[in-house]
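This briefing concerns the model shown below. Please consult the sequence and the coordinates alongside the text.

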Amino acid sequence: MTAATDRWDRPHWIGFAVVVGLLVAAPLVLPPFWQRFATEILIWGLLAMSSDILIGYTGMVSFGHSAFFGLGMYGAAAALLTVRPPNLWLAIVYGLVGAGLVAAFVAYFATRLRDIYFSITTLVFSQIFYVIIFTWTAVTGGENGLTFRQPHLAVPGLADVTFTPTVLHWFVVAVVALSYLLLRRITRSPFGMVLQSIRENEPRTRAIGYSVERYKIVAVLLSGLFAGLAGVLYAIQNKFAAPDFVFFLVSGEVIIFNVMGGIGTLVGPVVGAAFFLLLREGLSRYFEYYLIPVGIIFILMVIFLPQGFLGFLRRRLNQ
Amino acid sequence: MGFEPILVQTVNGLVNGMILALVASGLTLIFGIMDVVNFAHGDLVMLGGFVGASTMAVTGNFWVALLVAALVIAVFGAALQVSTLRPLLGRDPLTTILATFGVSLVLQKYALWQWGPSARNLQEPITGRFDLFYLQYPWYRVATAVLAGAIIGALWLFLKRGTFGIWIRATTQDRIMASAMGIPVPWVHTTVFAIGAAMAAASGVLFGPLGGVTQTMGSDFTLRAFIVVVVGGMGNLGGSILAAIFISLLEAYASLFVSPAQAVIVSFVALILTLLFRPTGLFVPTPK
């Protein structure tokens, strides 16, 4: 195990440095449309990565990530609408608190259940939040959602710049790269190992003496926090929060990202998000109902390529 | 508030409950026999409704439309099972959620492409009404409940009496043993999926005159059918029917106080409470 990780450590860090370097350089060469697109891929990639903790590492398929993502958005909206002048860091804190509270609530109930029951419960919870947000027009703006002004990227005493698309892109690259490093560290920590052992064999993990439920709760909480962070970034990029993003179809798309890219790899879901969004972008120019071919490709991948692109690649490399 | 709205809502809840029971019994049958959580089940309801609406536009006869929709969707369901779910047999049930979720996406967009975003209303075949306190209650609603009950009853007889029904029950109990006794298990699976799809299609057509057929109704039906199946106990036919009525009554009473969009939350809460305190289902004997 250690030998294997050492062998792949150096290529991993070189690859990481190259990818981050390319992403930082991207806005300097890409036209505005694709620059925005790259930023969006990274944000959805972060959301997909956050759900990989559950799907890939703990073996729990969550259909509730739209709720965490959406609460991140609405949390950011709350901070940006109530505090003058709009403050970026406060938006992040509010978003994380919002997503964290919801995640704690969902985790407390849903983690007592396993497999499909967990999936259905998370789905139902996200629908509850959807209905509340959709119908509580006085606070959430109902169907129309909320719009707000973009905050400045301000570090007290150091810098204060407005979010041009390029600055926003760099900011998103920084946040996603840091989140990736953090998540990688977490999944490789003893805590992450326990999660993986829950995935492999839950009764045995329990028999060894681990409090499986407590680990699962923390996993859902962590996953929800990162999903909320993605929601905050998306809110800042688009300057609005809408109930559509709390609807469970978003959770479904996140699962599609994971399966396409390869679950349990952290990088895979980002690749999957990029693939899905590019596919959608490419197809939607020719065919209004692009989700039909995308859905068929997804079904074929579930049947024939259950490990996703990265899992497939990894198996090839190990041969 | 008087006593009468409560009685009216009781009738409404019973009628809606029977349609939901028709959807949910197909779903629970499919889950019971092959551990497939069919995320596209509501979209089969929707597709059935559209096929029924198109047939009715041609023939003008509701009952022909009902029959044609059930048959077309049964064949479609069989094809879907053979192409998508058969390769997944024996894998983690979660992969079937993923695959059927993909199917649901495709079907929804296909319906949008073929039939457009506007709702189709089917003409009621029975136009009579009777007095129910302060309103004229359509006989068609009562007929729907009776017909849904009759279809479920027929299914129950089919499972209990026919040779094929015995095969289905045997496969549900022990797939490998059934296969060893010479039962063609893959075809039993396909047929059960076709039956479940036909029942979904029938409920789509029956629901048509009540609520109209739209391409987004599928996910709503899927979600409600899931709730019913879990509250009634996964794979338990009788439990699903009771749960369907229970949930629909709850929602009907709740909509006396809040908007129907918010009344859904009541059934969500019922589901979560069931999962927490009685995860095997409300309407089944306590497991020993």
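The model is predicted: local features need pLDDT of at least 70, side-chain atom pairs count only at pLDDT 80 or more, and totals for chains, interfaces and linings use all residues. Residues are numbered from 1 along each chain as its sequence is written, and chains are lettered from A and ligands numbered from 1 in the order in which they are written.

**Chain A overall**
- Chain A contains 14 helices and four strands, taken as DSSP runs (H or I, at least four residues; E, at least two).
- Of its 319 residues, 49% are buried (20 or more other C-beta atoms within 10 Å of their own).

**Helix pair in chain A**
- The axes of H11(A) (residues 248–261) and H14(A) (residues 308–318) come within 3 Å and cross at roughly 15°; the axes are lines fitted to C-alpha atoms over the stretch in contact.
- H11(A) and H14(A) are therefore roughly parallel (angles under 35 degrees).
- Val259(A), Met260(A) and Gly261(A) of H11(A) meet Gly308(A), Phe309(A) and Leu310(A) of H14(A), a contact being C-beta atoms within 7 Å.

**Nonpolar core**
- The largest nonpolar core has 199 residues, with Ile73(B) and Ala201(B) having the most contacts inside it; such a core joins buried Ala, Val, Leu, Ile, Met, Phe, Trp, Tyr and Cys residues through C-beta atoms within 7 Å.
- Helix H8 of chain B (residues 185–211) gives the most to this core, with 15 residues.
- Beyond its neighbours within four places in sequence, Ile73(B) contacts residues including Leu44(B), Val51(B) and Ala201(B).

Terms used
Buried ≥ 20, exposed ≤ 12 C-beta atoms within 10 Å, placed from the backbone. Contact = placed C-beta atoms within 7 Å. Axes fitted to C-alpha atoms, helices over the stretch in contact; angles between N-to-C directions. Parallel < 35°, antiparallel > 145°, perpendicular 65-115°, else oblique.
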